[in-house]
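Here is a short briefing for a reader new to this structure. Look through the model first, then follow the points below.

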Amino acid sequence: MNVKSINEPLPPQCSKSAPDQEECKQPGKLLSEDRSIMPYTVFTLWQKRSINVQSSFAAMFSTLSSYIYFPALVPMARDLHVSVALINLTVTSYLIVAAIAPAFMGDLADQGGRRPVYILMFALLLGANIGMAIQTSYPALLVLRSLQSAGASGLIGAAYGIIADITQKEERGGFVGVLLLLTDIAPSLGPVIGGSLTQTLGWRWIFWFLAILQGTHMLIITLFLPETQRNIVGNGSGRCRGIYLSIPYMLQSQEIKRSRIDIKSPRRYYPNPIACLPILQNKESLMVVVMYALTYALKLTLQTSLGAQALQIYRLDYLAGGLIYLPSGVSGGIGSYMTGRYLDYNYRKTSAKLRSVIGATPVNHNPNTRLINLRLKGLPFLIIITTASTIGYGWALATKAHISIMLILQFLTGMTTASIFTMTSTLLTDLNADRSATAQGASSIVRCFLAAAATAAVEPLSTAVGLGWCFITYALLFSVNIPLLWVLVARPWTGVETI
């Protein structure tokens with residue numbers, strides 16, 4: 001099979017998720033030499049780890065900004081003289097913007113570079129948090145909360161884009177695991193921090209805390225995060241100017257400096273929010289996105305129930321109400337990290353086995369069928385455990401079982417859903433490595449709208465049929481992942497046997 005060199009970045013119009021399309025020509029961003037002998041990236045392992053930690057910590061603000069807010073809903077309603085139902089609308093508006101904004105930010109990051117978009121998103125976050133800390137009216141809160149979501153929600157997609165820029169498939173799982181480790185811990189730390197600040201200093205300090213933390217990280221990103229977008233700097237050896245300059249770039253080795261390649265500045269580009277929709281036309285990407293979205297909707301429903309039904313049933317104060325998020329977050333962090341390591345180990349093991357059989361051909365050049373099997377190995381077991389634990393959790397709430405039972409089941413679902421996120425996110429990045437931030441934008445549209453519907457239905461559904469049957473319903477909807485997985489692995493539309 002004639003394949004492109006893994007070292008050669010594809011232009012935006014050439015999707016790796018469509019391997020059968022006609023070979024595309026490189027648009028000439030890099031103006032010299034034969035890239036077939038160039039390394040995939042000039043960044044060392046420790047430099048890649050540093051970049052991964054910076055982008056993953058930034059992505060953490062996406063979930064932290066959402067969850068840190070929950071313990072303050074009641075005191076905010078009291079101080080702003082509105083109902084809790086109106087304050088809850090700010091949660092809904094956050095999710096709606098979070099579904100749309102990544103489509104803009106992801107497309108902009110894939111076309112115009114990572115650094116400019118990071119600076120834009122952090123500027124929005126900083127302004128929104130300072131505004132919410134000093135505002136005194138509900139309309140201002142509603143608008144600023146939406147602005148906060150616009151800045152925060154694109155951070156995860158940008159982090160996936162950076163991972164695709166600097167890693168190859170045999171190491172990508174571990175880097176995704178670090179990303180999800182931080183984003184999965186944030187939903188647990190957020191309510192604890194928010195509850196503590198609300199109870200001691202007042203709810204406005206939630207936003208001052210976020211402004212200080214995000215402002216500091218914005219400075220770190222501006223100074224130390226190198227541009228990685230492969231259409232702009234290639235493998236990192238392209239010559240940077242202006243906003244693309246960073247301290248690591250200026251400290252590159254003399255060898256790299258001598259071999260720097262002139263780059264063309266990207267043309268003026270206006271983000272197109274519907275540019276992510278073609279991702280969903282690819283069958284494999286669509287099914288991976290739906291599997292991720294079903295898992296995300298279930299996860300958010302379980303977390304939301306902690307802030308509503310569990311608080312009411314077990315009569316917890318603000319601080320204790322924040323602490324009950326910890327088991328799910330801790331197990332989620334463990335699950336993300338361990339699953340990322342497992343994906344890398346499994347990939348390298350299979351790659352070595354194939355090399356011994358068919359010579360030097362790496363797994364990078366194998367068809368999508370084998371890649372899907374590698375990334376989703378063990379997923380049926382995780383789906384079954386998650387389904388059973390969700391049913392048990394619902395009946396634990398319905399029967400008012402001891403709080404430890406509910407927390408154990410939250411621990412289990414936290415670990416299994418985080419593992420599923422790592423598997424599906426890594427696969428989605430693999431299938432769309434040349435436009436990974438845009439692919440995450442498509443994923444955000446599906447998962448956020450589905451999660452908004454799922455969380456909105458919890459209260460009326462539990463009132464109508466009870467908490468036990470409510471969570472049985474959600475577990476059954478989540479189990480749709482089983483037939484989706486079967487179709488994805490079988491890929492009947494290709495006419496190719498599963499390997």
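At which residue does α3 bend, and by about how many degrees? α3 bends by about 30 degrees at Ile 100, and Pro 102 follows within four residues. The bend is the angle between axes fitted to the seven residues ending at a residue and the seven starting there.

This is a predicted model, in which local features need pLDDT of at least 70, side-chain atom pairs count only at pLDDT 80 or more, and totals for chains, interfaces and linings use all residues. Residues are numbered from 1 along each chain as its sequence is written, and side-chain values use heavy atoms, leaving out hydrogens and water.

**Helix α3**
- Helices are DSSP runs (H or I, at least four residues), numbered from the N terminus.
- α3 covers residues 84-112, 29 residues in total.
- From first C-alpha to last, α3 reaches 41 Å, close to the expected 42 Å. The expected span is 1.5 Å times one less than the number of residues.
- Gly 113 follows α3 and has a positive phi, near 110 degrees.

**Gln 229**
- Gln 229 sits in the loop between α8 (204-224) and α9 (230-233).
- Gln 229 counts as buried because its relative accessibility is 2%. Buried means under 20% relative accessible area, exposed over 50%, and partly exposed in between (1.4 Å probe, protein chains only).
- Its side chain reaches the backbone nitrogen of Asn 231 at 2.7 Å.
- Leaving aside residues up to four places away in sequence, Gln 229 touches Ala 109, Asp 110, Gly 113, Arg 114, Asp 165 and Gly 234. Contact means heavy atoms within 4.5 Å.

**Salt bridges**
- A salt bridge puts a side-chain nitrogen of Lys or Arg within 4 Å of a carboxyl oxygen of Asp or Glu. The count by this rule is six.
- Lys 48 pairs with Glu 171, with closest N and O atoms 3.0 Å apart. Lys 48 lies in α1 (residues 45-67) and Glu 171 in α7 (residues 169-200), so the pair ties together parts 123 residues apart in sequence.
- Arg 172 pairs with Asp 430 at 2.6 Å. Arg 172 is in α7 and Asp 430 in α17 (residues 403-431), so this pair ties together parts 258 residues apart in sequence.
- Asp 430 also forms a salt bridge with Arg 375, again at 2.6 Å. Arg 375 belongs to α15 (residues 368-375), 55 residues from Asp 430.
- Both Asp 430 and Arg 375 are buried.

Notes
Helix = DSSP H or I, 4+ residues; strand = E, 2+ residues; numbered from the N terminus. Polar contact = N/O pair within 3.5 Å; in protein donor to acceptor, adjacent residues only side chain to side chain.
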